[in-house]
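Biologist: I'm new to this one. Can you walk me through it?

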Amino acid sequence: MESERVKKLITMLEELRNTVDEHVAPKLEIDKCKRVVQRMSSFSDDCKDCYQYLVEFEEHLRQLSGEYLAEMDVKHHKQKLINISSHLQKQHKLVTSGYYLSIYMSIGTSLGVVFGLLIFDNIGLGLPLGIAMGVANWGWIRCRCQEEGNGHVIHEHKD
Ligand SMILES: [Zn+2]
């Protein structure tokens, strides 16, 4: 089965974390790599792309380990992660942690910009306040939705 390969890859990732410069290690997103490897492995029996990515990733890790990592290597590594993540998202409907938060943040921020402009009519003053308001509003809306158990209805605030 594939589990031997996964174990080997996880070990390689751990070694990588221990050998690279402490400033470089966070950029490699080792924990994310581990999750991605496990996901790819679980799909690799049925999905030839996942299988291919897994083989490539192993080869890629072998090249990364043991030598000094240049900026290019880190970029290359990130690009690989992006390619794999987007395959997992598109083909296997997976979302990365932080995905929903980033949507909330961007909606909250746009709301904030609009509120900021409407109320303060001053983008310099309105923008930071607006963004804060937008995020806070969105958090409130989200809480209300969860309370009501309905993600689509936003109730009026009654004092
Ligand atoms: Zn796949």
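Modeller: Let's start with a term. A residue counts as buried if 20 or more other C-beta atoms lie within 10 Å of its own. Also keep in mind that this is a predicted model.

Biologist: Okay. Is Leu-16 buried or exposed, and why?
Modeller: Leu-16 is buried, because 20 other C-beta atoms lie within 10 Å. Leu-16 belongs to helix H1, which covers residues 3-19.

Biologist: How far is Leu-16 from Arg-62, in sequence and in space?
Modeller: They are 46 residues apart in sequence. From C-alpha to C-alpha, Leu-16 and Arg-62 are 9.7 Å apart.

Biologist: Let's zoom out. How many helices and strands in the protein chain?
Modeller: Six helices and zero strands. From the N terminus the order is α-α-α-α-α-α.

Biologist: What share of the residues is buried?
Modeller: Buried residues are 18% of the 159 in the protein chain.

Biologist: And what about contacts between residues 24 or more positions apart?
Modeller: They account for 51% of the chain's contacts with a separation of 6 or more.

Biologist: Back to H1. At what angle do the axes of H1 and H2 cross?
Modeller: At roughly 170°, and the axes come within 10 Å. Angles over 145 degrees count as roughly antiparallel. H1 and H2 are therefore roughly antiparallel to each other.

Biologist: Which residues make that contact?
Modeller: From H1, they are Arg-5, Val-6, Leu-9, Ile-10, Leu-13, Leu-16 and Arg-17. H2 brings Ile-30, Cys-33, Lys-34, Val-37, Gln-38 and Ser-41.

Biologist: How do they divide into nonpolar, polar and charged?
Modeller: Eight are nonpolar, two are polar and three are charged.

Biologist: Now the largest nonpolar core. Which of its members touch the most others?
Modeller: This core has 18 residues, and those touching the most other members are Leu-16, Val-37, Met-40, Tyr-53, Phe-57 and Leu-61.

Biologist: Which elements give two or more residues to it?
Modeller: H1, H2, helix H3 (48-64) and helix H4 (71-92) do. H3 gives the most, with six residues.

Biologist: What is Met-40 in contact with, leaving aside neighbours within four places in sequence?
Modeller: Met-40 is in contact with Cys-50, Tyr-53, Leu-54 and Ile-84.

Biologist: Switching to Glu-29. Where is it?
Modeller: Glu-29 is in the loop between H1 and helix H2, and H2 spans 30-43. With 15 other C-beta atoms within 10 Å, Glu-29 is partly exposed.

Biologist: What is the phi of Glu-29 near?
Modeller: Near 50°, which is a positive value in a residue other than glycine. Most residues other than glycine have a negative phi.

Biologist: Next, Leu-81. Which helix is it in?
Modeller: Leu-81 is in helix H4. Leu-81 counts as partly exposed, because it has 16 C-beta neighbours inside 10 Å.

Biologist: Which residues does Leu-81 contact beyond four places in sequence?
Modeller: Glu-29, Lys-32, Cys-33 and Val-36. Glu-29 and Leu-81 are 52 residues apart along the chain, and their C-alpha atoms are separated by 9.0 Å.

Biologist: Last topic, confidence. What does pLDDT average over the protein chain?
Modeller: The average is 77, and 59% of the residues score at least 70.

Biologist: Where does pLDDT stay under 50?
Modeller: Over residues 149-159, for which the model has seven contacts beyond four places in sequence.

Methods
Residues are numbered from 1 along each chain as its sequence is written. This is a predicted model: local features need pLDDT of at least 70, side-chain atom pairs count only at pLDDT 80 or more; totals for chains, interfaces and linings use all residues. Helices (H or I, at least four residues) and strands (E, at least two) are DSSP runs, numbered from the N terminus. A residue is buried if 20 or more other C-beta atoms lie within 10 Å of its own, exposed if 12 or fewer, and partly exposed in between; C-beta atoms are placed from the backbone. Two residues are in contact if their C-beta atoms, placed from the backbone, lie within 7 Å. Axes are lines fitted to C-alpha atoms, for helices over the stretch in contact, and angles run from 0 to 180 degrees between N-to-C directions. Angles under 35 degrees count as roughly parallel, over 145 as roughly antiparallel, 65 to 115 as roughly perpendicular and the rest as oblique. Ala, Val, Leu, Ile, Met, Phe, Trp, Tyr, Cys and Pro count as nonpolar, Asp, Glu, Lys and Arg as charged, and the others, Gly among them, as polar. A nonpolar core is a set of buried Ala, Val, Leu, Ile, Met, Phe, Trp, Tyr and Cys residues joined through C-beta atoms within 7 Å. pLDDT is the predictor's confidence in each residue, from 0 to 100.
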